[in-house]
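Visitor: I have a model open here. Can you walk me through it?
Guide: Gladly; here it is.

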Amino acid sequence: MKTLYHQMGESGAEEVVCRAIEELAVRLSHCERLWHKRDIEGLRKSARSLVAISEQIGMTMLARVAGDVTRSIDQYDLAAIGATLYRLLRIGERSLVAVWDLQDLSL
């Protein structure tokens with residue numbers, strides 16, 4: 001995120017980060033719904049989008065685990081998909097809370 005702030009300035013970076021955080025929250029929830037519906041192709045698309053969004057704002061662990069979900073889907077290993085997806089959801093929730101807490105401190 002430091003790079004983003006350096007490249008875009010404070011207000012531009014905050015806008016990008018806020019939009020990205022909102023989108024991450026929506027897509028994480030969407031991934032869980034897709035899993036329950038057994039929409040594996042939709043889940044793959046959503047997980048891949050999480051990789052891109054997470055990388056954009058420097059959330060490398062979240063991006064890595066979303067990539068793990070995608071690889072599990074590519075191998076069609078349902079147990080691995082479920083395990084990595086729920087790991088993604090846990091890490092995603094913690095990451096979002098941490099960013100929201102940081103934003104509260106900067107206000």
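Guide: First a term: buried means under 20% relative accessible area, exposed over 50%, and partly exposed in between, with a 1.4 Å probe and protein chains only. This is a predicted model, where local features need pLDDT of at least 70, side-chain atom pairs count only at pLDDT 80 or more, and totals for chains, interfaces and linings use all residues. Residues are numbered from 1 along each chain as its sequence is written, and side-chain values use heavy atoms, leaving out hydrogens and water.

Visitor: Which residues are buried in helix 2?
Guide: I40, G42, L43, S46, A47, S49, L50, V51, I53 and S54. Helices here are DSSP runs (H or I, at least four residues), numbered from the N terminus.

Visitor: What span should helix 2 have?
Guide: Its 17 residues, 40-56, should span 24 Å at 1.5 Å a residue, and the end C-alpha atoms are 25 Å apart, which agrees. The expected span is 1.5 Å times one less than the number of residues.

Visitor: What does L43 touch?
Guide: Leaving aside residues up to four places away in sequence, L43 touches C31, L34, W35, I73, I81 and L85. Contact means heavy atoms within 4.5 Å.

Visitor: Which residues touch the most other members of the largest nonpolar core?
Guide: I21, L24, L43 and L88, out of 29 residues. Such a core is a set of buried Ala, Val, Leu, Ile, Met, Phe, Trp, Tyr and Cys residues joined through side-chain atoms within 4.5 Å. Helix 1 gives the largest share, 8 residues.

Visitor: New topic. How many helices and strands?
Guide: The protein chain has 4 helices and 0 strands.

Conventions
Helix = DSSP H or I, 4+ residues; strand = E, 2+ residues; numbered from the N terminus.
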